[in-house]
Structures are given as structure tokens and as C-alpha cells.
Amino acid sequence: MKPGDGVDPGQVPFRTLYTGARMPGVGLGTFGSDHASPAAVGSAVRAAIRAGYRHIDCASVYGNEAEVGAAIREAVRDGVVRREDLWITSKVWNDMHGKRNVMLSCARSLRDLGLDYLDMCLVHWPFPNTHSAGCSVDARSPDARAYLHEEYMETWGAMERLVGMGMTRHAGTSNMTVPKLRLVLRDARIRPACEEMELHPHFQQQELFDFVTASGMVPVGYSPVGSPARPERDRTPDDTVDVEDPVVRRIAAAHGIHPATLCVKWGAQRGHVPIPFTTSLAHGLENLRCVTTPPLSAAEMEAIAGIDRNCRLIKGHVFLWKDGQTWEALWDTDGRITPP
Ligand SMILES: NC(=O)c1ccc[n+]([C@@H]2O[C@H](COP(=O)([O-])OP(=O)(O)OC[C@H]3O[C@@H](n4cnc5c(N)ncnc54)[C@H](OP(=O)(O)O)[C@@H]3O)[C@@H](O)[C@H]2O)c1
């Protein structure tokens, strides 16, 4: 990368958490899925930090925290960035819920990443239901079960201990719903600082978004570009494509940016923290630079608000626990927690 090609991290807006900590307003996703190897994701992180990224969204289940960690440590060692200027998120996978396992999971992520602490540790999903890599949409784990609040709070209690022990500065949730979050907020000693949720123009989740922000949590938006390279198990014929939406294309063209970049720009301006994945330095730069350029107009924001299709892409079929269920059961679509 030539000098001057990067983005000044000081120009990237941030979101302030209830602790006063500042989360950089765009992060780099690291879920390589079945198409980007751990080495490729490590290289992407290396280049992204040099290009000005200060927020990296990791997870133990992505299977690449060692490579991501090597890239982070290299950047710190080479004086590109100080550890305290980075925001590193990781997540506890579904098979590591519970008092003891949460601690083990976070310790393993810290070891793999080569870090002393995380900035954010998330409970990846509210269910302890897991699946094997590359499984089909019909795969179910035999001991899969519904959301059980008492069980979740045991896991959350362990997350609180991680904060107490300094293993992570913040704890957060992911893939939650309003009724589940209501209970967690009622019972938590340390409130979740963010909710990582699917957010893109065709899936705006306005009700959950409003609930999260009103509760003093920061919404972090995953699959912000509409996850064009998501695994086969997460594709259905009814899925819509954000980057092909005529409104997205028109507004992107007016700003001279790719429709994918427009999705990122819209997300950041709307008030969530988009975490687009890319292994392309050019795409990564566009996705970061777009939040430093003049904002979308009120009319453009309104036009994008109007194209919500309620099209969830990461439906989570593999986490269902009963025969005959449809994926909506995971998302409490009737406003109450789906019973066991
Ligand atoms: N908490 C959770 O349960 C959860 C679930 C899903 C995802 N996530 C996190 O969210 C991150 C992002 O989600 P995602 O990976 O599903 O999807 P995404 O970020 O919506 O889409 C990534 C895809 O978009 C392309 N892309 C990105 N920027 C582009 C640009 N400017 N122009 C053209 N194409 C562009 C990338 O291709 P190129 O590489 O060719 O640029 C890549 O294939 C993940 O990596 C992960 O960290 C979290």
C-alpha cells in the first residue's frame, strides 16, 4: 500500500458504549466461511490495520483466531498501531456455554489471538446448539434445545466474571430478540454493552434496533452487505439481494461508490456499527473511507429506510431443536420466547 492510500482512523466515527469506551464505527468481519482460508483472512486483517481499520470482529468458531492474532501482533510490533487503539471482539461458541466453558473459551481466544484482553466478548448465539463445519441445512445436533433463560444467565454470569477478571473489557450478546433481551437486561449484574445482529438495507430489524439503542446498548451490524458469499445452508430461493436493489444502486451511483459500500455507509449513518467482511484491500478501503465522506441526504436515508424487505439471510435452521419447526422459532417472531 502506498503512503496516503489508507484512511486516518481519527476520521472514522465511533460509538460510545455505556461505559464511556469508544468503539470504532466500522469493523472488519473475519468469518471466512468456506471460501476464505485462515491465512487469507489473516492477510486481510494485516492489510486492513495498515489501511486504518481499528476494529476487528473475531470468533473462536471462525477457526482463524491464530492467523488473525498473528496479524494483530505484527501490526503492534511494527508500530503501526498500539494495542489500546484497537478494538478486538471475540465470541463464545454455542458448545462453550456454561460457567466453566465460557472461561475456557475466552482463555483459548486470548491465547490464539495472543492478547491479554478482549475489548468485547459476545455470547455468539442464545442457544447451546451447535453444528459441524460445512453441514447441510437439515443438520441438527441431537441435544439441541430451546432458549432456557436460567441456562443463559448461567452463561451470562460467566461473561460477567470475564469482565471482573479483566479478560474482556465488555460483554455483549448476539442473535437475540426483544423478549430474550428484556429478560437478560432484567437479570444481568453487568448489562450487555452491545448486541451483534444481522443488519442490511433489506433487513433493518427496526424494532430490535430501537430496543437495543433505547436500552443503552450499541447495535453492531453483521452481514452489512447482504453476505453474498454466505454458506449454502444459509441460502433460500426467497432471499433478496441488497446490492441489486435499484434504490441502493441509484444512490450508490450518485455517490460514486459500489452498492456494497453504500450499504456500509448507510449502516454507519443510521447508527449501527457495520462489520463488513472482505479479503480485498480495495473493498476494505472503500468500506472504511465511505464513512469519512459527506453523508447521505435525509431523502436518501428515507429512501433506503423504505426498501426493508424483512429478509433475514442468516436464518439459523441448524440450531432448531424440534422436528417440524421452521426457522422463525429461533427469532420469537410472535413476540414471546418460543417455548421448549
Ligand atoms: N454474530 C454472528 O452471528 C455473525 C453472523 C454472521 C456474520 N458475522 C460477522 O459479520 C461479518 C460480515 O458478515 P458476512 O461476512 O456474512 O457478510 P458481508 O460483510 O455482508 O459480505 C461479505 C461479502 O461482501 C463482499 N464485499 C464486501 N465489501 C465489498 C465491496 N466494497 N464491494 C464489493 N463487494 C464487497 C465480500 O467480497 P470480497 O472479499 O470480494 O470483497 C464478501 O464476499 C462476518 O465476517 C463476521 O465477522 C457475525
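The legends below describe close-up views of a predicted model.

Residues are numbered from 1 along each chain as its sequence is written. Because the model is predicted, local features need pLDDT of at least 70 and side-chain atom pairs count only at pLDDT 80 or more, whereas totals for chains, interfaces and linings use all residues.

**View A. The shell around the ligand.** The ligand is surrounded by 30 residues, a residue being near a molecule if its C-beta atom, placed from the backbone, lies within 6 Å of it. The closest are Gly 29, Phe 31, Val 225, Phe 277 and Thr 278. Helix 8 (259-270) and helix 9 (281-289) each supply at least two residues of this shell, and helix 9 gives the most, with three; helices (H or I, at least four residues) and strands (E, at least two) are DSSP runs, numbered from the N terminus.

View B. Gly 29 lies in strand 3 (residues 28-29) and is buried, because 22 other C-beta atoms lie within 10 Å, where 20 or more are required for a buried residue. Leaving aside neighbours within four places in sequence, Gly 29 is in contact (C-beta atoms, placed from the backbone, within 7 Å) with Asp 57, Tyr 222, Ile 275, Pro 276 and Phe 277. The C-alpha atoms of Gly 29 and Ala 59, 30 residues apart along the chain, are separated by 9.6 Å.

**View C. Contacts of Val 45.** Not counting residues up to four places away in sequence, Val 45 touches Leu 28, Thr 30, Ile 56, Val 68, Ala 71 and Ile 72.

Notes. Two residues are in contact if their C-beta atoms, placed from the backbone, lie within 7 Å. A residue is buried if 20 or more other C-beta atoms lie within 10 Å of its own, exposed if 12 or fewer, and partly exposed in between; C-beta atoms are placed from the backbone.
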